[in-house]
Amino acid sequence: MSDESLFIGEVSLIGDIREVFHLEQRLREAHTLGFTKAIVPNKPSFKTPMKCFVAEEVAKVVEWM
């Protein structure tokens with residue numbers, strides 16, 4: 001992970017990553033702020049200039065680090 005990466009999702013008590021509302025708007029705003037990569041709970045159904053990585057649980061994110 002780097003300074004250009006962000007995490008978007010809601011983490012449950014058991015470590016699952018859940019969807020959030022307005023993902024497209026959040027990714028668009030993050031891109032304007034200079035982020036280039038995002039870890040999201042599911043693949044976006046829209047075109048985004050950011051590279052998105054899908055992780056359904058926190059353990060997967062920790063594994064990548």
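The legends below describe views of a predicted model of one protein chain.

View 1. Along the principal axes, the C-alpha atoms fill a box of roughly 30 × 25 × 15 Å.

**View 2. The surface and charges of the protein chain.** The accessible surface comes to about 4,800 Å², and 53% of that surface belongs to carbon and sulfur atoms, while 26% of the 65 residues count as buried. The chain carries 8 positive and 10 negative side chains, and the centres of these two sets are 7 Å apart.

**View 3. Ile 17 and its surroundings.** Ile 17 lies in strand β3, which covers residues 17-18, and its relative accessibility is 7%, under the 20% cut-off, so Ile 17 counts as buried. Leaving aside residues up to four places away in sequence, Ile 17 touches Phe 7, Gly 9, Glu 10, Pro 41, Ala 55, Glu 56, Glu 57, Val 58 and Val 61.

**View 4. Ile 17 and Pro 41, two residues separated in sequence.** Although 24 residues separate Ile 17 from Pro 41 in sequence, their C-alpha atoms are 5.6 Å apart in space. In the chain as a whole, residues 24 or more positions apart account for 39% of the contacts with a separation of 6 or more.

Methods: Residues numbered from 1 in each chain as written. Predicted model: local features only at pLDDT ≥ 70, side-chain atom pairs only at ≥ 80, totals over all residues. Heavy atoms only, no water. Buried < 20%, exposed > 50% of the residue type's maximum accessible area, 1.4 Å probe, protein only. Contact = heavy atoms within 4.5 Å. Areas by Shrake-Rupley, 256 points an atom, 1.4 Å probe, with all protein chains shown as cover. Lys, Arg positive; Asp, Glu negative; His and termini not counted. Charge placed at Lys NZ, Arg CZ, Asp CG, Glu CD. Helix = DSSP H or I, 4+ residues; strand = E, 2+ residues; numbered from the N terminus.
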